[in-house]
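Biologist: I have just opened this one and would like a walk through it. Could you take me through a few places, one at a time?

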Amino acid sequence: MPFDGMTIRALTRELNSELINARIDKIYQPERDELFISIRQAKAGTMRLVISANSRWARTHISSEKKANPSQPSSFCMLLRKYLEGGKIKEIKQLGMERIIHIRIEALNDFKEWTDKLLICEFMGRHSNIILVNPENGLILDANKKYASEVREVFPGKEYVKPPAQNKLEPLADSFGAFCKAMWSQPEDLNIASALFNSYTGISPYSAGEICAYATLDCNLPVEQCGEYELSQLYNTTRTMLESIDQGMIKPTVLYRKNIPVEFAPYQPLTHSVATISRGFASMNEACDTYFLQKLSQIRLETMQTNVSRNIKEHLNRAYKKKFLQEGDLSQAQQSDKFRIWGELLTSYAHLYKKGDTEAVLNDFYTGEQVNIALDQRYTPMQNAQRYFKTYNKSRNAQKYLQRLIMENQNAIDYLESVLVAVEQADNPYQIEEIIQELENEGYWKKRAVHGKIKPERSLPRKYLSSDGLEIYVGRNNLQNDRLTLRESKRNDLWLHTKNIPGTHVIVSLPAAVKSIAEVPDKTLEEAAALAAYYSKASSSPKVEVDYTFRFNVKKPGGARPGMVIYDNYWTIVVKPDGDLAGTQII
């Protein structure tokens with residue numbers, strides 16, 4: 001993703017036109033390397049400028065994202081508030097084609113005098129930083145990342161020294177002759193895209209490849225095979241693209257692959273594959289905001305899915321082990337009927353044995369076979385019989401207790417498996433947050449301290465439109481399943497769920513005129529059942545049984561876990577899991 005000099009050039013032009021003379025209302029730091037600056041402009045209202053020094057996602061742009069304001073701000077954030085809040089943005093400038101932006105802010109000092117402060121944003125991978133400098137003496141007031149190296153020291157009170165130069169050319173400043181010399185000094189087998197990247201400041205490898213495409217040159221062409229004609233094509237194309245940016249003649253674009261953003265640029269990319277879809281935007285800020293919001297949301301979703309799935313699987317593995325042990329104990333307890341028979345035999349033939357005997361050999365009443373019964377020589381035959389009857393009664397009570405424990409453990413397994421399905425099918429981090437909240441309430445996740453004022457958004461169920469024009473709702477997690485089935489649906493709606501398989505609740509919103517199951521359109525029933533199968537643990541199975549009934553036949557037992565219900569008077573349909581109806585998905 002090229003947050004390079006070209007992108008920064010397009011952004012600073014837009015920011016200058018939108019934020020000049022805007023007033024800084026509030027500064028907060030939701031992440032250790034990220035600032036959110038709330039800015040009020042007379043005509044445009046309030047905007048949020050994000051500045052990130054993250055080693056992977058360093059950037060700045062106007063953002064639509066809302067993040068919680070930490071209750072305990074960092075010392076860097078408090079110092080920025082002291083010097084910059086209430087100030088006006090006077091200039092936003094990129095240093096040449098470098099990935100460095102200077103934001104000049106005019107604010108009141110302790111003596112109520114207007115003075116300038118310089119907020120320097122360096123977007124250089126792991127060396128990214130946000131530094132507040134006093135332009136009057138060039139000294140650093142504070143920095144997000146404080147460190148010392150052989151090149152410079154970034155500490156309060158030290159003189160600000162810009163990052164070391166890379167000895168590259170400035171695309172709009174240097175001559176064609178200097179460009180040719182720089183290109184021909186590259187290794188002979190190096191392709192022209194890499195040579196262009198090595199020669200020009202602010203050009204990323206991705207942008208270098210796109211410039212080659214705009215110049216109608218093969219980016220893999222070795223630089224040794226390039227003459228003045230090819231290099232003039234590159235030189236002029238680079239200058240033309242940068243001049244277009246300076247004139248505001250840009251086409252901000254984000255590229256998507258499988259609905260996931262993969263690249264963005266201030267121009268229309270030419271080299272993307274057929275499987276990649278491009279989407280244009282009205283401004284570079286909007287393109288950056290969309291790209292980073294969706295990209296970071298996807299990464300956060302995958303991270304949260306991994307963490308939550310690991311937690312659930314740990315609980316499931318313990319539950320599976322408990323089930324194995326409990327079933328073994330139950331199997332052993334179910335073999336206790338022999339103790340009752342032995343007690344009856346000893347009671348009947350007690351007169352044949354005496355205290356001190358170690359074994360009784362008798363014929364079984366029921367089978368006629370000879371049975372060897374061990375005797376405790378400390379007790380009489382009748383006392384041994386009573387001991388066997390006592391063991392039998394204990395085993396019978398143990399069976400009842402174990403059956404109850406096995407049922408409770410199986411309910412926990414069914415619940416956790418349903419949660420695992422919901423985690424794997426979640427579409428965004430807010431849905432995972434709902435699942436974590438549910439796990440906290442059920443005791444499967446440690447309660448977290450609540451920081452900030454922003455509450456997680458409540459997700460909505462998936463909404464589809466059937467071929468017959470009826471709305472189909474598909475729950476995303478167990479809490480939502482409860483809301484969907486027990487609160488939001490009508491009692492005469494159709495309810496569906498996979499038979500004895502963890503999955504989601506599906507509701508078909510039926511017209512009030514539908515009174516019997518025969519009046520439900522067959523196509524709608526098949527599509528709703530296919531969705532119920534698709535959003536279940538059996539989504540990869542060739543055929544899945546799905547139960548369906550009217551909503552008034554569905555009840556939730558007292559004390560049941562989220563998403564757990566009972567139902568009667570139902571029918572069953574066998575379908576193939578199919579998500580193709582997603583083409584008609586509304587939400």
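Biologist: Which residue of E4 does valine 50 stand opposite?
Modeller: In this predicted model, valine 50 stands opposite histidine 61 in E4. The pairing of strand E3 (residues 45-52) with E4 is antiparallel and runs over five bridges, and the two strands form a hairpin that has six residues between them.

Biologist: And how many residues of strand E4 are buried?
Modeller: Five of the five residues of strand E4 (residues 59-63) are buried, so the strand is mostly covered by the 20% limit on relative accessible area.

Biologist: What does glutamate 34 touch, leaving aside its neighbours within four places in sequence?
Modeller: Glutamate 34, which lies in strand E2 (residues 34-41), is in contact with Tyr28, Gln29, Val50, Ile51, Ser52, Arg59 and Lys67 once those neighbours are left aside. Its side chain has a polar contact of 3.2 Å with the side chain of arginine 59, and another polar contact, of 2.7 Å, joins the side chains of glutamate 34 and lysine 67.

Biologist: Is glutamate 34 buried or exposed?
Modeller: Glutamate 34 counts as buried, because its relative accessibility is 5%.

Biologist: Switching to helices, how do H5 and H6 cross?
Modeller: The axes of helix H5 (residues 205-214) and helix H6 (residues 228-246) come within 9 Å and cross at roughly 110°, which means that H5 is roughly perpendicular to H6.

Biologist: Which residues make that contact?
Modeller: On the H5 side they are Ile211, Cys212 and Tyr214, and on the H6 side they are Leu234, Thr237, Thr238 and Met241. Sorted by type, the residues of the contact of H5 with H6 come to five nonpolar, two polar and no charged.

Biologist: What about sheets, say the one with E12 in it; what is the strand order?
Modeller: That open sheet has three strands in the order E13-E12-E14, with antiparallel pairing. Strand E13 (260-265) and strand E14 (276-280) each have a single partner strand and stand at the edges, so one side of each is left without a neighbour in the sheet. On average, neighbouring strands of this sheet are turned by 30° against each other, direction ignored.

Biologist: How many bridges join E12 and E13?
Modeller: Strand E12 (residues 253-257) pairs with E13 in the antiparallel sense over five bridges, and isoleucine 260 in E13 is the bridge partner of arginine 257. Helix H7 (residues 284-333) packs on this sheet, where it touches E12, E13 and E14, and the direction of H7 makes about 150° with that of E13.

Biologist: Further along there is an open sheet of six strands; which order do they have?
Modeller: Their order is E17-E18-E20-E19-E21-E24, again with antiparallel pairing. At the edges stand strand E17 (462-465) and strand E24 (571-575), each with a single partner strand, so one side of each is left without a neighbour in the sheet. Here the neighbouring strands are turned by 25° against each other on average, direction ignored.

Biologist: How does E24 pair with E21?
Modeller: Strand E21 (residues 544-550) and E24 pair in the antiparallel sense, over five bridges, and the bridge partner of glutamate 545 in E24 is valine 574.

Biologist: Which strands does helix H11 lie across?
Modeller: Helix H11 (residues 478-488) lies across strand E18 (471-474), strand E19 (494-498) and strand E20 (506-508), and H11 runs at about 145° to E18.

How values were computed:
Residues numbered from 1 in each chain as written. Predicted model: local features only at pLDDT ≥ 70, side-chain atom pairs only at ≥ 80, totals over all residues. Heavy atoms only, no water. Pairing = 2+ DSSP bridges. Helix = DSSP H or I, 4+ residues; strand = E, 2+ residues; numbered from the N terminus. Axes fitted to C-alpha atoms, helices over the stretch in contact; angles between N-to-C directions. Contact = heavy atoms within 4.5 Å. Parallel < 35°, antiparallel > 145°, perpendicular 65-115°, else oblique. Nonpolar A, V, L, I, M, F, W, Y, C, P; charged D, E, K, R; others polar. Buried < 20%, exposed > 50% of the residue type's maximum accessible area, 1.4 Å probe, protein only. Polar contact = N/O pair within 3.5 Å; in protein donor to acceptor, adjacent residues only side chain to side chain.
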